[in-house]
Amino acid sequence: MRDLGICNLDLYITGHCNYQCEYCYGEHDHCPDMTIDTYTKALAFAKHIGAQNVQLCGGEPLVCRHFKEFTLQAKENGLGVVLRTNGYYLPEYAEFIANNCVWVGVSLDGLPAANDLMRPAKANISAEEKFARPIEGIRKLKEANPEIRIILASLASKCNSQHIPALAAYIRENQLPIDRWKIYEFICDKFRSVENKAKYEMSEADFKKLTEQMPATVNGAQIIFQSAHTENVGANCLIVRQNGDIKLSGVHYGNILTDSFDDIVDKLVSGNVLTVISNNKKGTYGEQ
Ligand code: SF4
């Protein structure tokens, strides 16, 4: 084992998603689910680098057919599970997630109209439903397990940043039980975010203005901002893709199926990404 000081290893367990956000920098939605063999190897890699958690993301992890199996397998291996979801299927899965995950990140980019503008779904789902289901899911998670930690994730862009303060007011007035709220400035990174850069990119000054309009906390939950102008912001998560590749900001660090873990670690250590990843994860999930 070689402890890299990274608490969460991100796993893209599927490329499929029920949404089709135009700013998505997740995975191509034709990418298949991670296989059980690759996932098993990814868990071994997580333990090799001293990660405490695996973070299930994609795509939408709740449409991955192995989601429950993967979650239980991580637990059996002594790893915590962090789920990142758009929240649409949370109500159905809340009981299972509440009992088997340590953190849940739920994405909402504003009140119903602003959120709908940012997060079109593939099927015909109303703006109200796209907002109400994640909210219902958050409440169900906390009812089933008050200890589960919930982080709300919002993407701020030219299209919706002016509506984010209204979401803060909603959270406060409705006593939504969240533990943290992270607001990400749009970054032009990969996938659809590159194609739609002109529509979403905001100025540094406008993002700063948003941070100044927002309170420091809401319902006791700290609000964290991630500027697009932070160094290496596109490589602030250590991600294993469905095919086992580890690739950050265009640099290929190896493949967990075909390369030795030590070779991958050597390459990671020789670059300058580990400090950025470690600080990002501690800042997002660590004690504040
Ligand atoms: S941003 Fe998230 S919810 Fe939207 S299409 Fe990408 S993976 Fe799906």
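I began with the ligand and sorted its shell by class: four residues are nonpolar, five polar and two charged. I kept in mind that this is a predicted model.

Next I listed the shell by name. Cys 17, Tyr 19, Gln 20, Cys 21 and Cys 24 are among the residues around the ligand. The shell also includes Gly 26, Gly 58, Gly 59, Glu 60, Asn 86 and Arg 119.

Two of those glycines made me check the backbone. The peptide bond from Gly 58 to Gly 59 is cis, and its omega is near 20°. I placed Gly 59 in the loop between strand S2 (53-57) and helix H2 (67-76). Gly 58 and Gly 59 both belong to the ligand shell.

Then I turned to the sheet. I found an open sheet of nine strands with mixed pairing. Reading across, I noted the order S7-S8-S6-S5-S4-S3-S2-S1-S9. Its edges are strand S7 (217-218) and strand S9 (239-240), each of which pairs on one side only.

Strand S4 (residues 103-107) runs parallel to strand S5 (residues 149-156), and the two share five bridges.

How do the axes of H3 and H5 cross? I took helix H3 (residues 90-100) and helix H5 (residues 127-144): their axes come within 8 Å and cross at roughly 30°. H3 is therefore roughly parallel to H5, since angles under 35 degrees count as such. The crossing of H3 past H5 is right-handed.

I also wrote down who meets whom. From H3 come Leu 90, Pro 91, Ala 94, Glu 95, Ile 97, Ala 98 and Asn 99. From H5 come Arg 133, Pro 134, Glu 136, Gly 137, Lys 140, Leu 141 and Ala 144. By class, this contact of H3 with H5 has eight nonpolar, two polar and four charged residues.

Strand S10 (residues 245-248) and strand S11 (residues 251-255) pair in the antiparallel sense, with four bridges. Lys 247 has His 252 in S11 as its bridge partner. Two residues lie between the strands of this hairpin, and Ser 249 takes a positive phi near 45°.

Where else did I note a positive phi in a residue other than glycine? Gln 175 has one, near 50°. I located Gln 175 in the loop between helix H6 (164-173) and strand S6 (180-185). Strand S6 sits between S8 and S5 in the sheet order.

Key. Residues numbered from 1 in each chain as written. Predicted model: local features only at pLDDT ≥ 70, side-chain atom pairs only at ≥ 80, totals over all residues. Pairing = 2+ DSSP bridges. Near = placed C-beta within 6 Å. Nonpolar A, V, L, I, M, F, W, Y, C, P; charged D, E, K, R; others polar. Axes fitted to C-alpha atoms, helices over the stretch in contact; angles between N-to-C directions. Parallel < 35°, antiparallel > 145°, perpendicular 65-115°, else oblique. Left-handed = near helix turned anticlockwise from the far one by under 90°. Contact = placed C-beta atoms within 7 Å.
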